[in-house]
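Please read the briefing below alongside the sequence and the model. It is grouped by topic.

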Amino acid sequence: MNRTKIFFITGIALTLTLAAGLAYTFKLPPFKKRGEIRAEDVCASLGNASRAATALTGVLPEKSSYSFQDNATDLRTDESDDFYQTACFVYGDGKQLLVARTDMLEYETTERWQKEAVEQFVSASSILPFAAGDKAVASDKIAAIYVPCASHGIRRHLSVVVRLKKQGDASASDLRAKLIDLAENAAVHAHMKAKCDRPSKLRE
């Protein structure tokens with residue numbers, strides 16, 4: 001009886017080892033090879049491509065493939081134009097992981113901007129300020145900057161909001177730092193593309 005049990009247990013162990021080996025060989029879950037986030041594939045609206053790719057790799061969960069959709073519906077053509085809007089959508093294995101939006105707009109106060117542009121996604125208690133633009137806040141799920149832009153006619157700011165919908169395995173502090181990198185990168189790019197004439201108060 002004991003010998004039969006030993007053979008039975010050994011057989012199960014060998015079967016499981018073989019199954020694990022086959023899964024690893026053919027990249028089946030949980031051994032799927034992580035897809036590469038290449039600089040040439042990331043949205044142009046995220047700014048410097050190599051920096052954006054590095055930051056994205058640091059915040060996104062492991063997926064076998066990543067794809068990007070870059071929408072630029074309104075791009076400011078001159079100083080009399082009050083419109084600028086872009087959106088970058090990042091997908092992993094077909095599921096949306098991150099959204100980065102930039103909009104030209106104006107709020108009466110920076111507090112009102114934070115409440116309407118940021119706190120619709122996360123609670124006020126979860127975000128902390130950082131130095132960028134006229135106001136900037138971030139957590140491990142979001143990073144947002146209110147950037148001075150147009151001085152002619154109606155004053156305008158750029159609202160840059162990077163929202164992480166699915167997190168990777170990095171710590172909360174690392175996620176926050178990488179989201180800030182993404183937001184600053186996108187803000188520098190937008191400030192130039194939107195032909196802003198006010199100092200951005202951003203790290204170049």
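Aspartate 103 touches Tyr84, Gln85, His157, Leu158 and Ser159, leaving out residues up to four places away in sequence; contact means heavy atoms within 4.5 Å. The model is predicted: local features need pLDDT of at least 70 and side-chain atom pairs count only at pLDDT 80 or more, while totals for chains, interfaces and linings use all residues. Residues are numbered from 1 along each chain as its sequence is written, and side-chain values use heavy atoms, with hydrogens and water left out.

**Aspartate 103**
- Aspartate 103 lies in strand S3 (residues 95-105); strands (E, at least two residues) and helices (H or I, at least four) are DSSP runs numbered from the N terminus.
- The residue is buried, at a relative accessible area of 15% (buried is under 20%, exposed over 50%, partly exposed in between, with a 1.4 Å probe and protein chains only).
- Its side chain makes a polar contact of 2.6 Å with the side chain of glutamine 85 and another, of 3.3 Å, with that of arginine 101.
- A polar contact is a pair of N or O atoms within 3.5 Å; within protein, one must be able to donate a hydrogen and the other to accept it, and residues adjacent in sequence count only if both atoms are side-chain atoms.

**Helix H3**
- Trp113, Gln114, Ala117 and Val118 are buried in helix H3 (residues 110-118).
- These residues cover an arc of only 100 degrees around the axis, so they are on the same side of H3; the arc is that of the directions from the helix axis to the C-beta atoms.
- The cover over the buried residues of H3 includes strands S5 (135-138), S6 (142-150) and S7 (156-164).

**Aspartate 140**
- Aspartate 140 sits in the loop between S5 and S6.
- From aspartate 140 to glutamine 167 the C-alpha to C-alpha distance is 8.5 Å, across 27 residues in sequence.
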